[in-house]
Amino acid sequence: MADCDATAAGANLAMNRRANSMKSLVFAALAVATGAASCVAASPAPSPDLDPVFAGDVRTFTDASGLRVVLAAAPPNESVAARAFVGVYTPYGTDREVTPGLAHFSEHLYSNTPSGLDDHRYPDGMENFDSNAMTRPDYISVWSTVSADAAVQRALGRSGALWSRAAPDDLFARQQQRVIDELGRSIGSQSYAARRAVDHLFYANKPSFAVEVDNTRAFAAEEIDRHLDATYAPSTSVLVIAGEIDLDAVEADLRAKLDARPKRSRPTSAEVGAWVDAPRMRGEARTREVGSPDFEGVWFAAGFAAPPRASDDYIAMIVLDQLLLGGRGEYDELWNIERALDSPLGRRLATRLAISTLDDGRGYSSASPPLAEGDPAQFEIHFAVADGVLSDLDAALTAALAEVYAEDLTAEALNRAKLDLVDFYQRWLADASLRPLGDHLAGLAMHDAAGPARLATLHEDIESVTLSDVRSAMKRYLLNGDRRVAVARHDPTGVLPQP
Ligand SMILES: [Zn+2]
């Protein structure tokens with residue numbers, strides 16, 4: 001382990017809340033130069049007393065080009081033939097983009113480059129076209145779930161464009177129109193509009209959909225090419241293969257084939273630094289209202305600055321989230337994981353307001369719960385009401401949170417939350433598509449090569465959270481912390497800003 005890029009130096013970087021993910025990527029590149037590239041980080045032995053949230057073996061290595069690779073052996077799923085998730089991730093999501101729309105458009109060009117679209121087989125039992133890409137605030141992912149025996153071939157195809165992109169002439173124009181069409185559809189989602197409004201209050205680089213459409217229309221091919229060259233490189237990316245695979249065989253095969261690739265000049269540290277150092281912009285405004293004649297009632301969203309990954313409050317907030325909002329039981333779709341109106345916060349809100357929905361604002365566009373997200377993240381509480389004024393809704397939430405703090409943080413509620421959270425993780429990381437597992441492995445590896453091993457001890461970490469931990473995290477971040485509120489409401493007259 002001593003020569004791994006998952007050494008104490010990497011762990012210490014986790015203390016540095018903002019630049020930590022990129023510093024560890026730069027560190028990975030340095031590790032290559034010092035001959036640490038062949039190192040393997042094995043999972044720590046799980047506790048004999050507690051079932052881990054994910055029981056499979058995980059290993060991480062960095063290839064000669066600086067590509068960080070995470071391999072995980074997942075148990076079989078009875079409804080799907082032997083399958084593997086293959087994903088390529090880069091940390092250049094929307095919170096690092098200089099021009100709003102740049103990250104999303106670049107994702108389309110990367111994921112639709114022909115070298116990424118080799119033939120591959122989907123596993124029996126997964127007839128759907130489960131192959132896609134996503135742009136999030138903290139990373140971009142491009143993934144497929146394929147038959148296990150096609151995993152290495154697919155991984156080479158998906159990562160091939162990190163070395164070279166041979167894009168057809170009409171790809172730029174076609175994807176430009178597709179992104180514009182997607183933005184047009186997104187305008188209709190009221191919950192998404194509320195979430196985007198809160199993002200704007202935190203980061204100030206989330207303009208209206210109309211501005212993002214205009215930006216997307218104005219991008220020049222050279223601008224996108226420059227962005228792709230700087231951000232989609234082996235040394236800035238993580239490749240995940242998780243599934244019913246033989247780790248030794250896949251590693252040997254993959255290493256040999258990656259080694260055979262031509263060397264690619266990596267972006268210089270100056271180029272990477274410019275991206276790393278771009279601050280997540282904190283907006284000045286505390287509240288924001290957006291409206292549309294197509295929306296119904298009011299969708300309220302509150303965002304709280306959440307603890308950084310290295311904080312002692314980090315796991316306590318994840319447990320507190322479960323205690324406050326409840327839910328996360330059986331789900332039909334990954335992007336529709338419901339929280340509970342009869343949770344402690346839901347009940348306290350309902351005594352004040354006729355709320356029809358209580359939500360964490362995450363859907364599946366962000367990992368849920370946020371174990372593997374970039375720092376700093378925001379913690380969100382959303383609810384819908386038929387009518388209301390922003391200041392009254394905000395006051396009702398403040399009062400409801402204070403009541404929960406005073407009366408509902410009991411040992412029984414904490415134990416319930418822990419059980420439900422561990423149960424959720426165990427089901428969710430075993431999802432047939434393996435996408436939650438892949439996203440978690442990549443998100444954790446992006447910040448620290450030893451990060452994926454964190455899944456092995458997550459159950460113990462959750463178990464170790466005390467009532468006092470939960471109380472102090474709630475006080476610091478939800479009662480006294482930095483907080484922004486937004487609503488997306490029905491607006492027949494067009495007075496409010498567009499979402
Ligand atoms: Zn898209």
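**Overall picture**

The model is predicted. The chain holds 17 helices and 12 strands. Of its 499 residues, 49% are buried.

Five strands make an open sheet. Their order is β8-β12-β9-β11-β10, and the pairing is mixed. β8 (287-292) and β10 (357-359) stand at the edges. Each has a single partner strand, so one side of each lacks a neighbour in the sheet. On average, neighbouring strands here are turned by 15 degrees against each other, direction ignored.

Inside this sheet, β9 (residues 298-305) runs antiparallel to β11 (residues 378-385). The two are joined by 8 bridges.

Helix α13 (residues 390-408) touches β8, β9, β11 and β12, and its direction makes about 130 degrees with that of β12. Helix α6 (residues 190-203) lies across β8, β9, β10, β11 and β12 (483-490). α6 runs at about 145 degrees to β12.

**Strand β7 and its two partners**

β7 (residues 238-243) is mostly covered, with 6 of its 6 residues buried. Val238, Val240 and Ala242 point one way from the strand. Leu239, Ile241 and Gly243 point the other way, and both sets are buried.

| Partner of β7 | Bridges | Direction |
|---|---|---|
| β3 (residues 68-73) | 6 bridges | parallel |
| β4 (residues 83-90) | 6 bridges | antiparallel |

Valine 238 of β7 takes part in both pairings. Arginine 68 stands opposite valine 238. Tyrosine 89 also has valine 238 as its bridge partner.

**Two helix pairs**

The axes of helix α3 (residues 102-111) and helix α8 (residues 221-231) come within 10 Å. They cross at roughly 80 degrees. The two helices are therefore roughly perpendicular. On the α3 side, the contact involves Leu102, Phe105, Ser106, Leu109 and Tyr110. On the α8 side, it involves Ile224, His227 and Leu228. This contact has 6 nonpolar residues, 2 polar and no charged. An α-helix has 3.6 residues a turn, so residues three or four places apart point the same way.

Helices α5 (residues 171-186) and α7 (residues 209-218) are set another way. Their axes lie 10 Å apart and the packing angle is about 175 degrees. That makes α5 roughly antiparallel to α7. From α5 come Gln176, Val179, Ile180, Leu183 and Ser186. From α7 come Phe209, Glu212, Val213, Thr216 and Arg217. The residues of this contact divide into 5 nonpolar, 3 polar and 2 charged.

**Helix α11**

How far does α11 (residues 313-325) reach from its first C-alpha to its last? The helix has 13 residues and spans 18 Å, close to the 18 Å expected at 1.5 Å a residue. Of those 13 residues, 11 are buried, so α11 is largely enclosed by the rest of the structure. Among the buried residues are Ile315, Met317, Val319, Asp321, Gln322 and Leu325. Glycine 326 follows the helix, and its phi is positive, near 55 degrees.

Definitions and conventions: Residues numbered from 1 in each chain as written. Predicted model: local features only at pLDDT ≥ 70, side-chain atom pairs only at ≥ 80, totals over all residues. Helix = DSSP H or I, 4+ residues; strand = E, 2+ residues; numbered from the N terminus. Expected span 1.5 Å × (residues − 1). Buried ≥ 20, exposed ≤ 12 C-beta atoms within 10 Å, placed from the backbone. Axes fitted to C-alpha atoms, helices over the stretch in contact; angles between N-to-C directions. Parallel < 35°, antiparallel > 145°, perpendicular 65-115°, else oblique. Contact = placed C-beta atoms within 7 Å. Nonpolar A, V, L, I, M, F, W, Y, C, P; charged D, E, K, R; others polar. Pairing = 2+ DSSP bridges.
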